[in-house]
Amino acid sequence: MMIKIYNSLTQTIMPFETITPKRVTMYVCGPTVYGDIHLGNARPIIFFDVVKRYFSHVGYDVLLVSNITDVDDKIIDKAKELQVSEQSITKQYTEAFMDMTASLGSAFPDLMPKATEYVANMIEYIHDLIDQGYAYVRPSGVYFRVGRIEDYGILSKQNMQELNQGVRITLEDDKEDPRDFSIWKITDDGLRYESPWGQGRPGWHTECAVMNHEIFRGEIDIHGGGTDLKFPHHENEIAQTSAHDHHHIARYWMHVGRLDVNETKMSKSLGNITWVKDLIQVYDPLSFRFLMIGHHYRMPINYSEELMSQYSKEYDKIKRSLKKAFLTVSIAKAFTFDIDHELMDDFYTLMNDDFNTPNVTTLIYDLLKLMNKEKDVMRLAILYQTTKTILEILGLMPRYELTDDTLSLYKAWEQARQDKDYARADQLREKLSERGWM
Ligand SMILES: [Zn+2]
């Protein structure tokens with residue numbers, strides 16, 4: 001059983017071979033905590049959780065690290081705007097981020113390092129880069145010398161000329177080369193730290209490179225994030241790691257596609273944002289997760305109310321079919337842990353093919369159809385268990401509990417049908433349907 005993954009670095013689908021057998025190390029760029037998360041932010045939170053669940057299910061020991069950026073100009077601006085401390089902003093939005101992660105059915109990463117807890121390490125790291133000639137000090141701060149990196153642009157596939165044209169030169173810049181990026185910003189404004197180069201704060205690209213270095217102490221298997229982070233953020237993480245540690249930061253790069261609205265990016269400046277906290281007031285959060293899983297992770301999603309409502313209806317059908325099967329199996333006391341291995345193998349084949357989750361949703365529909373028409377209760381129990389296993393791996397298994405009340409309704413319905421009291425049977429069926437059990 002070989003897993004194949006599209007590697008953004010090589011732009012090819014490659015067999016997945018871990019550095020250490022049966023172990024996966026993963027780093028996914030996390031949020032800058034100065035605001036609520038919107039549907040676009042939610043996409044990588046859901047996808048990389050599915051990746052972790054799947055690897056764990058097939059027997060890997062997974063270490064997933066996702067950082068919290070809690071020192072940044074945007075945080076400082078927000079704190080000024082609201083006249084509160086940066087810490088109160090980052091505390092509030094870190095909590096909001098955790099709440100939303102949980103409500104979307106995602107587990108927390110194994111480690112969530114905060115940038116502010118690694119500042120001493122960052123200063124040491126920057127010091128090393130200066131010593132080795134990879135960085136230099138200017139009155140405005142410390143800059144990384146991009147020209148020293150031979151394969152700069154390796155991830156984003158931009159050539160040097162394009163990069164030069166793409167970089168805006170601003171007046172306050174005193175860099176050697178317009179492509180050079182800030183790794184320490186000297187400032188007397190906002191949250192700042194003492195350093196050999198003056199008070200200031202680390203650059204965002206350096207934060208991720210340093211936390212990776214400190215936590216993993218070597219090359220990792222997978223580095224992930226949204227596709228919009230490829231350049232400059234991920235490119236600059238690669239550059240610093242090759243300069244400081246003389247190895248690649250990661251073997252595989254996985255980038256999650258954008259979530260658009262009317263073919264344009266969801267962003268604050270365009271005013272087309274849907275916040276996760278608002279969406280989950282209206283829809284079951286797992287139906288949004290189902291929408292994400294219904295699309296291939298590398299493809300852009302063009303989000304709309306219609307699309308959401310369509311997935312909500314589909315997810316409702318899944319829940320009803322599951323509950324109906326569970327009810328039937330429970331009444332017959334036909335519980336089993338057996339699964340249908342052939343159907344499960346179909347699932348593995350799809351997941352191993354660069355996480356082909358859209359086709360997995362088709363497989364789920366096939367399973368529901370089989371369950372809905374199955375007359376043999378033992379076979380139904382096996383199909384139920386198979387579907388449940390797949391949904392659990394995807395984080396899509398709904399929670400429900402069979403109460404005595406529902407059980408007696410169901411028994412009464414069966415009795416009414418036996419008695420050919422169709423009016424009463426219809427009434428009872430309606431009640432069960434209202435509760436989502438039919
Ligand atoms: Zn990062």
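**Close-up views of the predicted model**

View 1. Arg 251 is buried, with 20 other C-beta atoms within 10 Å; a residue counts as buried if 20 or more other C-beta atoms lie within 10 Å of its own, as exposed if 12 or fewer, and as partly exposed in between, with C-beta atoms placed from the backbone. This is a predicted model, in which local features need pLDDT of at least 70 and side-chain atom pairs count only at pLDDT 80 or more, while totals for chains, interfaces and linings use all residues. Residues are numbered from 1 along each chain as its sequence is written. Leaving aside neighbours within four places in sequence, Arg 251 is in contact with Ile 19, Glu 219 and Asp 221 (contact: C-beta atoms, placed from the backbone, within 7 Å). Thr 10 is 241 residues from Arg 251 in sequence, yet the two C-alpha atoms are 9.8 Å apart in space.

**View 2. The open sheet β4-β3-β9-β10.** Four strands are arranged in this order with parallel pairing. β4 (61-66) and β10 (250-256) stand at the edges with a single partner strand each, so one side of each has no neighbour in the sheet. On average, neighbouring strands are turned by 20 degrees against each other, direction ignored. Helices (H or I, at least four residues) and strands (E, at least two) are DSSP runs, numbered from the N terminus; two strands pair if DSSP finds at least two bridges between them.

**View 3. Strand β3 and its two pairings.** Strand β3 (residues 23-28) is joined to the parallel strand β9 (residues 220-226) by three bridges, and Tyr 27 stands opposite His 223 in β9. With β4, β3 pairs in the parallel sense over six bridges; here Val 24 stands opposite Val 62.

**View 4. Helix α1 against the sheet.** Helix α1 (residues 39-57) lies across β3, β4, β9 and β10 and runs at about 165 degrees to β4. Axes are lines fitted to C-alpha atoms, for helices over the stretch in contact, and angles run from 0 to 180 degrees between N-to-C directions. Together, β3, α1 and β4 make a right-handed β-α-β unit, meaning that, with the strands pointing away from the viewer, the path from the first strand over the helix to the second runs clockwise.

**View 5. Packing of α1 and α9.** The axes of α1 and α9 are 10 Å apart and meet at an angle of about 75 degrees. That makes α1 roughly perpendicular to α9, a term that covers 65 to 115 degrees, whereas angles under 35 count as roughly parallel, over 145 as roughly antiparallel and the rest as oblique. Arg 43, Ile 46, Phe 47 and Val 50 in α1 meet Arg 289, Met 292 and Ile 293 in α9.

**View 6. Helix α10 and its partners.** At 1.5 Å a residue, the 27 residues of α10 (residues 305-331) should span 39 Å, which agrees with the 39 Å between its end C-alpha atoms; the expected span is 1.5 Å times one less than the number of residues. Among the buried residues of α10 are Tyr 311, Tyr 315, Ile 318, Leu 322, Phe 326 and Val 329. The buried residues of α10 pack against α9 (285-293), α12 (357-373) and α13 (377-394). Just after α10, Lys 333 takes a positive phi of about 50 degrees.

Terms used
Two residues are in contact if their C-beta atoms, placed from the backbone, lie within 7 Å.
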